[in-house]
Amino acid sequence: MLKVQNVYKSYPKAGSLFKKNRFTVLSGISFEIKEGECVGLIGESGSGKSTLSRLIMDLEKPDEGTITLEGESIPVWKKKNPGEISVVFQDYTSSVNPRFTVEEAIIEPMLVKENIAKTATKVTQLLDRVALPSKLLQRYPHELSGGQLQRVCIARAISTNPRFIILDEAISSLDVSVQAQILDLLKELRADLNLTYLFIAHDLQAVASLCDKVLFLYKGKIEEELLVTDLAKTENQYAKKLVSSVITFD
Amino acid sequence: MNVWGKFKSSKLAIGCLILLVIIVLLGVMAPLVAPNDPVETNVREKLSGSSLQYPFGTDQLGRCVLSRLLYGIRTTVGMSILTMIITISIGTILGVVAGYFRGWVDEMVMRLCDVMLSFPSEVMILAIVGMLGPGLENIIIANIIAKWAWYTRMIRAIVVQYMGKNYIHFAKVVGCSPLHIMKKHLFPGALGEIVVLASLDTGTVILSVSALSFLGLGVQAPTPEWGMMLNEAKNIMITHPTKMLPPGIAILLVVSAFNFIGDKVRDIMDPKYVDRRVKKGDFAKSRKSISN
């Protein structure tokens, strides 16, 4: 479904006038996500995870290389399939317009496809789907807790029945017990709605519990591509370090 | 609580708004409420104190000061508000477009702003009025030309700050149209700050219009205008210092009313705004509960 081919991205260094002086973030990234698959992208801070996700979301253009969805460039694909790509961000506090009520926030993406009359009943269903009471509909984002707000973001992300969802560190800023709940919710949704996930994280355990395949991003390159079941067999130094650093509690 | 409800809860803001509404109404109904003709001179009664016929006295030509103040609302306040509306509209449209699309559109608008901003605005206003000749329309044109670039730049800066928010990224990713994003996110988000800019600066524009009239470049005699009244009163400042008070206080009141309203609107446009004023009796109650 998603195909990333030989993507390069660099930014000008702060204070430099000339093109030469650039800071390379991504160098030669290639990978593929098949329909219905859940791929985890893991890497430490500054490894280029967020840049890569912004490129896939078409918020920025790559310097070189192509990113395609079902063989078409992202803007073209989006025009043909409105509302079929969605995203959940890490920072839930700025993910919802503080002026919008929960209801308005969830309706917003739906308006791309449908008119407003059809949305009313669906919003309550969606809230129910993410285990939130419908009395929250008229609340504002700052009146919700972090976990509740992230659930609203997930409800909003699935409101258009998308096929592809990018989870950009979607659980990283939540506390551990809530992380587990949201992971369970994501698993459930994936099974029910046949979603394709790109799950970006820096926590290997979360990735391992949700994904089929893991990509290790290190210094702007994909170091290793592994099935979750083969994690222990990794040969790569960085991946080994990550796997061994996971503390198990069983 | 909606915006109006919050606004109502502030006595100062509502007081200022009532004051401005009254002033605007008085300006609109000037021919009905003014006791005398504002341009009619009566040299025998010149520089008289307050009387039944001339409640605020008369000026050096024997014209009724109250009537001139009332008619002056039309020129001073009316023209300033008109100037502000036009300038802010230009600034908002260009600023939102430049801030949203970035790239070459942004470059073009911003470089043009740089050029405009590289002249000091007061000098530019004087130069333009000098070229076009004195007169009310020319002051308005000069103010708009001199100030639009500054507003465009301010509003673009506000918009750019909103463009980095995740909710706008989200709207872009799911495929909302640029118009939708501007209408639903950027404009309402920036509106609070734009309103503050506008209301704070309406005061400045009033001062600017008055200042130009004070210099003799604006409204031409005998049309009543507050700045010009102040200028005329200045000539007799030593002998009749109280003649400066009516136009001076009028300008002061209107400019501060706009400033207070601007501040209040900024507070309430912030959705996290909570009215933290302590109600009367709360303190006594809390003390009681502690002593119990």
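Reader: In chain B, what share of the contacts between residues at least 6 apart in sequence join residues at least 24 apart?

Author: The share is 66% of those contacts in chain B. Please note that this is a predicted model.

Reader: How many helices and strands does chain B have?

Author: Chain B has twelve helices and zero strands. Its pattern along the sequence is accordingly written α-α-α-α-α-α-α-α-α-α-α-α.

Reader: What box do the C-alpha atoms of chain B fill, and what percentage of its residues count as buried?

Author: Taken along the principal axes, the box is roughly 75 × 70 × 35 Å. Of the 292 residues in chain B, 39% count as buried.

Reader: Let us take helix α10 of chain B. Why is it described as largely enclosed?

Author: Helix α10(B) covers residues 226-235, and seven of its ten residues are buried, so the rest of the structure largely encloses it.

Reader: Which residues are those, and what do they pack against?

Author: The buried residues of α10(B) are Trp226(B), Gly227(B), Met228(B), Met229(B), Leu230(B), Asn231(B) and Ala233(B). They pack against α4 (65-101), α9 and α11 (245-269) of chain B.

Reader: Turning to the contact between the chains, how many residues does each chain give?

Author: Chain A gives 22 residues and chain B gives 15 residues. On the side of chain B that touches chain A, the elements giving two or more residues are α8 (166-174) and α9 (178-214) of chain B. The largest share of that side, eight residues, comes from α8(B).

Reader: And how do the residues on that side of chain B divide by class?

Author: They divide into eight nonpolar, four polar and three charged residues.

Reader: Now chain A. In what order do the four strands of the open sheet come?

Author: The order is β2-β1-β4-β5 in chain A, with antiparallel pairing. Strands β2 (22-33) and β5 (72-73) of chain A stand at the edges with a single partner strand each, so one side of each has no neighbour in the sheet.

Reader: How many bridges join β1 to β2 in chain A?

Author: Nine bridges join β1(A), residues 2-12, to β2(A), and the two strands run antiparallel. Within this pairing, Leu2(A) has Ile33(A) of β2(A) as its bridge partner.

Reader: At what angle do helices α3 and α5 of chain A pack?

Author: Helix α3(A), residues 102-110, and helix α5(A), residues 146-158, pack at about 30°, and their axes are 7 Å apart. That angle makes α3(A) roughly parallel to α5(A). The crossing of the two helices is right-handed.

Reader: Which residues meet there?

Author: From α3(A), Val102(A), Ala105(A), Ile106(A) and Pro109(A) meet Val152(A), Ala155(A) and Arg156(A) of α5(A). By class, this contact has six nonpolar residues, no polar residues and one charged residue.

Reader: What about Glu169(A): where is it, and is it buried or exposed?

Author: Glu169(A) is in the loop between β7 (164-168) and α6 (176-193) of chain A, and its phi is also a positive value, near 55°. Glu169(A) is buried, with 20 other C-beta atoms within 10 Å. Asp58(A), by contrast, has 18 C-beta neighbours inside 10 Å and counts as partly exposed.

Key: Residues numbered from 1 in each chain as written. Chains lettered and ligands numbered in written order. Predicted model: local features only at pLDDT ≥ 70, side-chain atom pairs only at ≥ 80, totals over all residues. Contact = placed C-beta atoms within 7 Å. Nonpolar A, V, L, I, M, F, W, Y, C, P; charged D, E, K, R; others polar. Pairing = 2+ DSSP bridges. Buried ≥ 20, exposed ≤ 12 C-beta atoms within 10 Å, placed from the backbone. Axes fitted to C-alpha atoms, helices over the stretch in contact; angles between N-to-C directions. Parallel < 35°, antiparallel > 145°, perpendicular 65-115°, else oblique. Left-handed = near helix turned anticlockwise from the far one by under 90°.
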